[in-house]
Amino acid sequence: MRVCLIATEIFAHGIYGGFGALTRKIAQGLASKGVEVYVVMPRYPNQKPVEVIDNFTVISYPGPGHYIGMRESMRYKYIFELIDADIYHSEEPSIGTCLAQKSVPQKKHVVTFQDPRTLEDWKKEWEAMGVDKISIMKWEIKFKISYSSIKRAVKKADALFSQAWYAIPKAMKIYKLKEPPKFLPNPVEIPKRNINKADEPTVCFLARWDLRKRPEYFFELAKRFPDVKFIAMG
């Protein structure tokens, strides 16, 4: 079997985000079971067009950072046809989801919702990052153009999943879905060695301290549970 993971990043090249880590773990797991795995994504600095990582192949197409518009990316849809996978799995709905469906509509297309976000969610984050109003307006236009295509691709998918129960209602609202996505949790590595628990319960927050990660919720929990040790790193 051949599987193509459609991603926005991979856990390499100085980009170490959650989506990239997830994609790499899934690719590693499938490859270890004898599945032929390809990952297709926008290209980051210092990334080669084709490379092999942990026994799976990563193919990247030129794109300015995280974002590449639909019009610019259409020229790269042939990549999905060349891969000729049995299943095309989008780790999160993206332009790549649209390209794969346009390139090989006869194949099976699967979408998993990792972090469904509205335009308002993005605007809040852009403002918190200090992006100027003119740039926000430009990004908003690009967002609307891209997401109109992405929404259509999501509805055409053969199967829809969500990595968390709480994200299902939001995904249904954003993409106007009639049926709720199925629950498909992200993989978690189980340690092979025995873990010795400390006498004092401890909770650790490890992430970027920005708007998206909601660190304020973590500190509210610390106030509510004074008998628990809370550590925040980021």
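Me: A crossing of two helices is left-handed if the near helix is turned anticlockwise from the far one by less than a right angle, and right-handed if clockwise. Which hand does the crossing of H5 and H6 have?

Reply: A word on the source: this is a predicted model, in which local features need pLDDT of at least 70 and side-chain atom pairs count only at pLDDT 80 or more, while totals for chains, interfaces and linings use all residues. Residues are numbered from 1 along each chain as its sequence is written, and side-chain values use heavy atoms, with hydrogens and water left out. Helices (H or I, at least four residues) and strands (E, at least two) are DSSP runs numbered from the N terminus. For H5 (residues 119-128) and H6 (residues 133-156), the crossing is right-handed.

Me: Thanks! How is H5 oriented relative to H6?

Reply: Their axes, lines fitted to C-alpha atoms over the stretch in contact, lie 11 Å apart at an angle of about 155°. Angles run from 0 to 180 degrees between N-to-C directions; under 35 degrees is roughly parallel, over 145 roughly antiparallel, 65 to 115 roughly perpendicular and the rest oblique. H5 is therefore, relative to H6, roughly antiparallel.

Me: And how many charged residues are in the contact of H5 with H6?

Reply: Contact means heavy atoms within 4.5 Å. Among the residues involved are Trp 122 and Lys 123 of H5 and Trp 139 and Glu 140 of H6. Ala, Val, Leu, Ile, Met, Phe, Trp, Tyr, Cys and Pro count as nonpolar, Asp, Glu, Lys and Arg as charged, and the others, Gly among them, as polar. There are seven nonpolar residues, no polar ones, and the charged ones number four.

Me: What is H4 (residues 95-103) to H6: roughly parallel or oblique?

Reply: H4 and H6 have axes 8 Å apart, and their crossing is left-handed. Ile 95, Thr 97, Cys 98 and Gln 101 of H4 meet H6 residues including Ser 146 and Ile 150. With an angle of about 55°, H4 is to H6 oblique.

Me: Lastly, is Glu 189 buried or exposed?

Reply: Glu 189 sits in the loop between strand S8 (182-183) and strand S9 (202-206). At 59% relative accessibility, Glu 189 counts as exposed.

Key:
Buried means under 20% relative accessible area, exposed over 50%, partly exposed in between (1.4 Å probe, protein chains only).
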